[in-house]
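Dear colleague,

I am passing on the structure below, and after it I set out what was found. Please read the notes with the model open beside them.

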Amino acid sequence: MSEGIFFRQLDNRLPNHQSEPLLSVNFNVSPTCHCIHPLSTTHSNLRILTGFNSGAVLLFNPFDSSLQQQYNAKGGMHDEAISAVCWIPSSASSYSSCSPFLSSTSSTSSQFLVGHTDGTLLVFDTTLTEEC
């Protein structure tokens, strides 16, 4: 049985906010968490990190099949399930709405943090290639 992520556009005019999925992404392993890049999202660009119970992370854009990169494939660095993935802001702009103490300069990030169920944290950079 495959598991997946579904994206829906909600229409407030429909009863119970019903709508058809915009797209569906199915996986052969169980996704445990996901994070969408907050600064690079447009109508044709959606950089999504998805963590899996195998310890792997997939970066992909469902609208552009050329963007697909796997990190920690087959648990090469750490094989515990992933409990959280999060983009690391290259500046404070990503979280300026969360805290009044952060500046508002804009920049996109290429690094992300992965949290495993055993408490291990790993940082990856999308501009570097993985050796494991």
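From the N terminus on, the elements of the chain run β-β-β-β-β-β-β-β-β, that is, zero helices and nine strands, where helices (H or I, at least four residues) and strands (E, at least two) are DSSP runs numbered from the N terminus. This is a predicted model, in which local features need pLDDT of at least 70 and side-chain atom pairs count only at pLDDT 80 or more, while totals for chains, interfaces and linings use all residues. Residues are numbered from 1 along each chain as its sequence is written, and side-chain values use heavy atoms, with hydrogens and water left out.

On confidence, the mean pLDDT (the predictor's confidence in each residue, from 0 to 100) of the chain is 76, and 66% of its residues reach 70 or more. Over residues 93–106 the pLDDT is below 50, although in the model this stretch has 19 contacts (heavy atoms within 4.5 Å) beyond near neighbours in sequence. Where pLDDT is low, the predicted coordinates should not be read in detail.

For the chain as a whole, 35% of the 132 residues count as buried, meaning under 20% relative accessible area with a 1.4 Å probe and protein chains only. Of the contacts with a separation of 6 or more, 44% are made by residues 24 or more positions apart.

The aromatic residues deserve a look. Rings of Phe, Tyr and Trp (its six-membered ring) pair if their centres lie within 6.5 Å, with planes under 30 degrees apart counted as stacked, over 60 as edge-to-face and the rest as tilted; by this rule there are four aromatic pairs. Tyr71 and Phe112 form an edge-to-face pair, at 5.2 Å centre to centre and 75° between the planes, which links strand β6 to strand β8 (residues 111–116) across 41 residues. Trp87 and Phe112 are also edge-to-face, at 5.7 Å and 70°, and this pair joins strand β7 to strand β8, 25 residues apart.

Finally, His78 lies in the loop between β6 (64–71) and β7 (82–88). Is His78 buried or exposed? His78 counts as buried because its relative accessible area is 18%. Its side chain is joined to that of Asp118 by a polar contact of 2.9 Å (a pair of N or O atoms within 3.5 Å; within protein, one must be able to donate a hydrogen and the other to accept it, and residues adjacent in sequence count only if both atoms are side-chain atoms). Leaving aside neighbours within four places in sequence, His78 is in contact with Gly55, Asn72, His116, Asp118, Thr120 and Leu122.

Conventions: Buried < 20%, exposed > 50% of the residue type's maximum accessible area, 1.4 Å probe, protein only.
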